[in-house]
Structures are given as structure tokens and as C-alpha cells.
Amino acid sequence: MAEMKQVVRTLFDLPTEIKKRNKDVLPVSGYRGPSEKNPLYEAFGLYDMSCVEDVDEFCTQLDASPHQRETIKKYAAAINGLMMDILRKMSEGLGLRNVSFEDWPCQFRINKYHFTPEAVGSSGVQIHTDSGFLTILQDDERVGGLEVMKKSGEFVAVDPWPNTLLVNLGDIGTVWSNGRLYSVKHRVICKEAKLRVSIASFLLGPRDTPVEPPPELVDAEHPRILVPFAFNDYRELRLSTNLQAGETLDLMMRTNL
Ligand SMILES: O=C(O)CCC(=O)C(=O)O
Ligand SMILES: [Fe+2]
């Protein structure tokens, strides 16, 4: 994790023309430079880190050295393994057998926040839920700022904790579990004028099949909360409505879209 963090920090020092080679595969999946709306934020992305060829292509785009490539590939493999392990345990916990997440892409994003003294108190990332099923976050080990919302609406700071990963549930977790699990609202606030770097891996939704709960999670007591839908349609709806904090799911449930 420490080695990966170091590699990621050096990627942000690349010249802009190289960074821009990291193009979008899904909307907002590739490089984002500082913008007028978000001048302190920069990010790289990769659509599917569970695909070895995609990881290689990402490294090639960024002229990665052999050491950088090896570190990124090792990290991607380890996070994929961990993701599958957590999913297996969650499925077992819900009494499920034979569920597979094989065709579910895992989006990878590295975030850099260039927090300035003037930015202290302002927002680094607006309040949102993650759109996919499950997120594994390697947060900044020195600079805090992540806050998670409790059910009461109160925000709780997630203080830096070196050598740990944070796992949270996204909107698809709610749909897949047929309402048994909740996606968590969170945000990043600038607390101090320092550089902050985080690495997020998002298990999204099934690539070619609709998002729906396993049949065992639907019965007379637990009617299906939503009609099945394609994950990419959901992402587009979230982007086009600009409702990023789980409201899109509520909207779909109310209108039975
Ligand atoms: O940088 C962080 O700590 C969290 C970023 C985040 O919530 C996200 O990328 O979805
Ligand atoms: Fe997030």
C-alpha cells in the first residue's frame, strides 16, 4: 500500500499532455484536471482494474516505468482478491450460495486534492454515495477530511489511519440486497492546507446483465424494491439528474422506473 501510494503521487507529477492520454471509457472514468468548479481536485481513472489488459494499457498511457507497472499490477490484483473475498463473505452472511461477481468491472480512481490555506473549511468532494456495489478506499494516511454521514444526518470524521483500508457500500449494494443494505453518504472537507491523495476501487455493477437481487433475497415478505435495470443507464441517470447522494434510487423507487 505504501509503495502504491508513492507511485500514485509520482503519476500526478507527470506533464499534463501525458496525463490527458488517460481517456474516459465510461463518462468521468479517465483523467480529470483541475477545473473552474473544482480547482483543487485532480484524478486519474481506469474502467476495469480486474482486467489485466486494461491495467497494462493504463500504465502504457502514462509511460509507467517497470517498477511503477509492477506495483500498480500487484496492487490491482490484491484489491481484486480482497474485493472478491469480502463479496463472498457478504453473500455467505446473507445465506447465499453460487453468486458470482465475475463480470462486474472494478473501476479504479486516484484522487489528489491540492488543499490551499484559502480552501480550509470548503468542500473537496460534495456529499455523495458511490454508485456501484462496494468501494475499497486507501485514504490519505496523514491528511484527514473524509466524513461519513450517520442515519441521523450527523457527519462523523474518518481520521487518517495508516495501513488500513476503508470499505463502504454504494447504491447497487442497496438494490442487489433488495433493501437490506444501505449505501453510505460521505464527503471530503478541506481541513488543512496540505496535499491529500486517496486511492479508490469501486466494484460497479454487472457488465452485461441487469442489476437485480439474487432470487433468494426476494419473497413475499421482501418484494423486489426495483425493476431490474442496466448499471450504465443508472450511472447516466445519476449524472444527468446531478443527484449524486442516493436520491436517484429513491426517485426510481417512487416512480417504479
Ligand atoms: O478521497 C476520499 O477520501 C474519498 C473520495 C470518494 O469518496 C470517492 O472518490 O468516491
Ligand atoms: Fe465516494
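**Iron site and ligand 1 shell**

In this predicted model, the iron ion (ligand 2) is coordinated by H128 through NE2, D130 through OD and H186 through NE2, at 2.1 to 2.2 Å. Along the chain, the donors of the iron ion follow the spacing H-x1-D-x55-H. D130 and H186 link distant parts of the chain, 56 residues apart. D130 lies in the loop between β3 (123-128) and β4 (134-138). H186 belongs to strand β8.

D130 also meets ligand 1. An N or O atom in the D130 side chain is 3.2 Å from an oxygen atom of ligand 1. Two further side chains make polar contacts with this ligand. For R109, a side-chain N or O atom is 3.0 Å from an oxygen atom of ligand 1. For Y113, the distance from a polar side-chain atom to an oxygen atom of ligand 1 is 2.7 Å. The protein covers 97% of the 300 Å² of accessible area that ligand 1 has on its own.

Around the ligand stand 13 residues, of which R109, Y113, D139, R196 and S198 come nearest. By class, the shell comprises five nonpolar, four polar and four charged residues. Strands β2 (106-114), β8 (186-189) and β9 (195-203) each contribute at least two residues to the shell.

Methods:
Residues are numbered from 1 along each chain as its sequence is written. Chains are lettered from A and ligands numbered from 1 in the order in which they are written. This is a predicted model: local features need pLDDT of at least 70, side-chain atom pairs count only at pLDDT 80 or more; totals for chains, interfaces and linings use all residues. Side-chain values use heavy atoms; hydrogens and water are left out. A residue is near a molecule or strand if one of its heavy atoms lies within 4 Å of it. A polar contact is a pair of N or O atoms within 3.5 Å; within protein, one must be able to donate a hydrogen and the other to accept it, and residues adjacent in sequence count only if both atoms are side-chain atoms. Accessible areas come from the Shrake-Rupley method with a 1.4 Å probe; for residues, only the protein chains shown count as cover. Helices (H or I, at least four residues) and strands (E, at least two) are DSSP runs, numbered from the N terminus. Ala, Val, Leu, Ile, Met, Phe, Trp, Tyr, Cys and Pro count as nonpolar, Asp, Glu, Lys and Arg as charged, and the others, Gly among them, as polar. Donors are N, O and S atoms within 2.8 Å of the metal (3.2 Å for Na, K and Ca); water is not among the atoms, so sites may look incomplete.
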